[in-house]
Amino acid sequence: MFKWPNVPSPNAAEHELADFAELLCWRDGRSSATALMHSLARLAENDYSDGVPEDDMVANYVENAYVEIERRARDCGEGYPFALGENGDTLRTRSRTNNGRHAIYKYLLLATRLNMRTHRNHAEIDGTLLFEELSAETCKEYFGDRTESMVFGTAAGGTGFEEKVEYLCMKIGEGNGYEPKVESREYARDGKLDVVAWKHFTDRLPGKLIAFGQCKTGTNFRDDLAELQPESFCKKWMRNDPALFPMRMFFVAEALPRGGWYNFAADAGLLLDRCRIVDFSNHICRSVSEKVEDWTAAAACSSGLPSQ
């Protein structure tokens with residue numbers, strides 16, 4: 001998996017090549033299938049002693065990348081910050097026209113293709129923690145009116161694990177507080193819970209929609225898709241089981257390939273990748289939107305990209 005400003009390998013998957021084409025377009029104002037093909041051919045010539053792969057092979061990779069771009073443009077709608085040319089083989093930057101979803105898409109693109117271990121902090125904002133905030137906001141729009149959400153890691157002002165669980169139980173009206181069923185050394189294993197969403201009835205009685213989510217930036221998350229187990233979390237740390245165990249969600253900044261989507265979703269639960277997050281990001285709160293714009297502008301500048 002390539003990291004910007006490096007170039008993907010000639011046999012990279014179409015979703016990687018699509019990200020690279022978008023980054024080239026962001027940097028230069030436009031990109032094309034021809035420019036992408038030249039980049040891959042030059043890399044191949046440097047990396048392989050037997051020379052450049054067959055032109056037809058490189059062209060096929062590039063064609064598949066632009067099919068992926070067309071799919072993204074369709075799924076994101078007005079939230080997609082790039083525009084395909086009439087022939088489907090060129091890409092240009094769209095005017096923002098105060099479209100906050102464009103900034104969100106670009107933030108997620110950078111949160112995928114930058115090294116988020118060494119380049120996570122920009123404009124005094126932690127980009128990985130920001131992804132949790134954005135995911136919590138997306139929950140409210142996806143689940144609809146009266147949905148509430150929170151980032152578990154900062155619950156109750158970022159206090160200890162016990163206080164976070166107590167606060168969570170109070171907010172969702174289930175679980176009856178913190179009561180550990182395992183030894184304290186197990187705490188470190190429960191960082192998998194990043195965001196929580198719930199939807200009360202007016203009666204506020206037990207038995208409601210609750211969702212537990214895990215969030216991942218970058219590209220190394222395939223082995224983590226099934227780590228978060230809401231039922232296990234409740235049984236281990238809550239005094240009582242909820243009347244209905246929470247559903248499982250997984251948020252990822254990457255635009256996942258549709259070819260393997262079913263396998264990803266079967267492991268992850270309710271899966272929200274880059275395009276699904278952008279699809280439900282019309283009503284992100286102002287404070288989170290401003291953080292997204294500030295982080296993205298600063299990260300872009302440090303990465304050789306225009307801030308807008």
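In which strand does serine 149 lie? Serine 149 belongs to strand β6, which covers residues 147-151. Strands here are DSSP runs of E with at least two residues, helices are runs of H or I with at least four residues, and both are numbered from the N terminus. The structure is a predicted model, in which local features need pLDDT of at least 70 and side-chain atom pairs count only at pLDDT 80 or more, while totals for chains, interfaces and linings use all residues. Residues are numbered from 1 along each chain as its sequence is written, and side-chain values use heavy atoms, with hydrogens and water left out.

The protein as a whole may be considered next. The protein contains 10 helices and 10 strands. Its radius of gyration is 21 Å, close to the 19 Å that the globule rule gives for 308 residues, so the protein is as compact as a globular protein of that length. The radius is taken over C-alpha atoms, and the globule rule is 2.2 Å times the number of residues to the power 0.38. Along the principal axes, the C-alpha atoms fill a box of roughly 65 × 45 × 35 Å. Of the 308 residues, 49% are buried; buried means under 20% relative accessible area, exposed means over 50%, and partly exposed lies in between, with a 1.4 Å probe and protein chains only. Among contacts (heavy atoms within 4.5 Å) with a separation of 6 or more, 65% are between residues 24 or more positions apart.

Strands of a sheet pair through backbone hydrogen bonds, either parallel or antiparallel. Two strands count as paired if DSSP finds at least two bridges between them. Strand β2 and strand β3 (residues 90-93) pair in the antiparallel sense over three bridges, and leucine 84 has leucine 91 in β3 as its bridge partner.

Serine 149 in strand β6 can now be examined in more detail. A polar atom of the serine 149 side chain lies 2.7 Å from the backbone oxygen of alanine 136. This is a polar contact, that is, a pair of N or O atoms within 3.5 Å; within protein, one must be able to donate a hydrogen and the other to accept it, and residues adjacent in sequence count only if both atoms are side-chain atoms. Leaving aside neighbours within four places in sequence, serine 149 is in contact with residues including Ala136, Cys139 and Trp198.

Aspartate 273 is located in the loop between β10 (270-272) and α9 (274-279). Aspartate 273 counts as buried because its relative accessibility is 0%. Its side chain reaches the backbone nitrogen of leucine 256 at 3.0 Å. Not counting residues up to four places away in sequence, aspartate 273 touches Val252, Glu254, Ala255, Leu256, Arg258 and Trp261.

Helix α7 (residues 230-237) also has buried residues, namely Pro230, Phe233, Cys234, Lys236 and Trp237. Their cover includes α6 (161-172), β8 and β9 (247-252).

The cysteines form zero disulfides, a disulfide being a pair of cysteine sulfur atoms within 2.5 Å. Cysteine 285 is partly exposed, with a relative accessible area of 26%, whereas cysteine 301 is exposed, at 52%.

The backbone remains to be described. Most residues other than glycine have a negative phi, and most peptide bonds are trans. The peptide bond from tryptophan 4 to proline 5 is cis, with omega near 15°, and proline 5 lies in the segment before α1 (14-28). Glutamate 124, in the loop between β4 (121-122) and β5 (125-126), has a positive phi near 60°. Glutamate 124 is exposed, with a relative accessible area of 84%. Arginine 204 has a positive phi of about 55° and is found in the loop between β7 (195-199) and β8 (209-216). Arginine 204 is partly exposed, with a relative accessible area of 49%.
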